[in-house]
Amino acid sequence: MSRPERVLVTGAAGFVGSVLVERLLDEGRRVVALDNFDPFYPEPQKRRNLERASSSSSFRLERGDIRDRGALERVFSSEPLDAVVHLAALAGVRPSLERPSDYADVNVTGTAALAHVALDHDVTRLVFASSSSVYGERAGAAFREGDPAESPISPYAATKRSGELLLHGFHRSRGLRVACARIFTAYGPRQRPDLAIRKFAERMLRGDPIPVFGDGSQQRDFTYVEDLVDGLVRMLDADLDFAILNLGAGRTVSLLEVIEALERALGVKARVEWLPSQPGDVSFTWADVGEAQRRIGYRPTVALETGIERFAAWLHEVS
């Protein structure tokens, strides 16, 4: 199957989306970007993410919502497309506890609308951004794609698992070729302001205390954004029929270790505000990336210390 040369990226103005857009443009591809600039965080930050891409003649930005059939029809009718990388979603575990209906509407209904219109326009290849949260609460061993994923502990996690199942239905009924990326805690330059590493860093630079829920022993598989994007591009280009693959670093560190790495990179000491554990948060994530290595040649290379240093350098530039 040939490499897709004309790619629609939904959620393109976000953290991961904008890095992916630049990677595709650098490879000489045509990119159509779709984003509704949801006010989850300020639009100027998202616009800044796309500054370099916007200077390319191979890039076009469309503002629109994935739930809007008319907007989707305009995008797919405007020029031929070969594939979709679907990143657009309402993100975050804790906000989903407050807005479960909104999360279901965007993340499930929106995904269904996108897949439907794509197929109507003969676009049969789609990469879907799922989440490690679908695995639910577990500990002790790396998560494998064949592990049970039927006990999500947040509405956000449930919508991501629902998206996988929904797209499998489109695959079986209408021949949509789907690659679902189970993404493990992405970090790096352009990281959303609500995510822990950026939130901690900004508070540390201001001299404010950082909120740590629980005792700080929570283990996470932190994935540097460029490693993640490399995995997404490999999934896009691979000859996959229907697949679910973990995209993580393949290692796990504690939250306290992350704070220590931030202290070294920023040159400041953190003041920790200890708070009770939060509902919906899992205590442990760890990606077994063996299947992704075998099927698409995915090999993350950026160590946490290096990734944190790159993030800190970017944060100093934009602050």
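## Close-up views of the predicted model

View 1. Thr 10 stands opposite His 86 in S4. This is a predicted model, where local features need pLDDT of at least 70, side-chain atom pairs count only at pLDDT 80 or more, and totals for chains, interfaces and linings use all residues. Residue numbers start from 1 along each chain as its sequence is written, and side-chain values use heavy atoms, with hydrogens and water left out. The strands (E, at least two residues) and the helices (H or I, at least four) are DSSP runs, numbered from the N terminus. S1 and S4 run parallel and are joined by four bridges; two strands pair if DSSP finds at least two bridges between them. Over on S5, the bridge partner of His 86 is Phe 128, and Val 84 stands opposite Leu 126. S4 and S5 pair in the parallel sense, over three bridges. Which way do the S4 side chains go? Ala 83 and Val 85 point one way, Val 84 and His 86 the other, and all are buried. Buried means under 20% relative accessible area, exposed means over 50%, and partly exposed is in between (1.4 Å probe, protein chains only).

**View 2. Strand S5, mostly covered, and its pairing with S6.** Seven of the seven residues of S5 are buried. Arg 125, Val 127, Ala 129 and Ser 131 point one way from the strand, while Leu 126, Phe 128 and Ser 130 point the other way. Seven bridges link S5 (residues 125–131) to S6 (residues 177–183) in the parallel sense. Two of the partners to look for in S6 are Ala 181, for Ala 129, and Ile 183, for Ser 131.

**View 3. Helix H8 and its buried face.** Ile 197, Arg 198, Phe 200, Ala 201 and Met 204 are buried in H8 (residues 196–206). Looking down the helix axis, the buried residues fall within an arc of 165°, so they line one face of H8. (The arc is that of the directions from the helix axis to the C-beta atoms.) What do they pack against? Their partners are helix H2 (43–49), strand S7 (186–187), strand S8 (210–213), helix H10 (255–266) and helix H12 (304–318).

**View 4. Asp 65 in its loop.** Asp 65 is found in the loop between S3 and helix H4 (69–78). Is this residue buried or exposed? Its relative accessibility is 19%, so Asp 65 counts as buried. The side chains of Asp 65 and Asn 36 are joined by a polar contact of 3.4 Å. A polar contact is a pair of N or O atoms within 3.5 Å; within protein, one must be able to donate a hydrogen and the other to accept it, and residues adjacent in sequence count only if both atoms are side-chain atoms. Leaving aside neighbours within four places in sequence, Asp 65 is in contact (heavy atoms within 4.5 Å) with Asn 36, Ala 71 and Leu 72.

**View 5. Val 16 and the nonpolar cores.** The largest nonpolar core has 49 residues, and Val 9 and Val 16 have the most contacts inside it. Such a core is a set of buried Ala, Val, Leu, Ile, Met, Phe, Trp, Tyr and Cys residues joined through side-chain atoms within 4.5 Å. Beyond four places in sequence, Val 16 is in contact with Leu 87, Ala 186, Val 225, Leu 228, Val 229 and Leu 232. A second, separate core of 30 residues includes Leu 34, Ile 66, Val 106 and Leu 119.

Note on methods:
The arc is that of the directions from the helix axis to the C-beta atoms.
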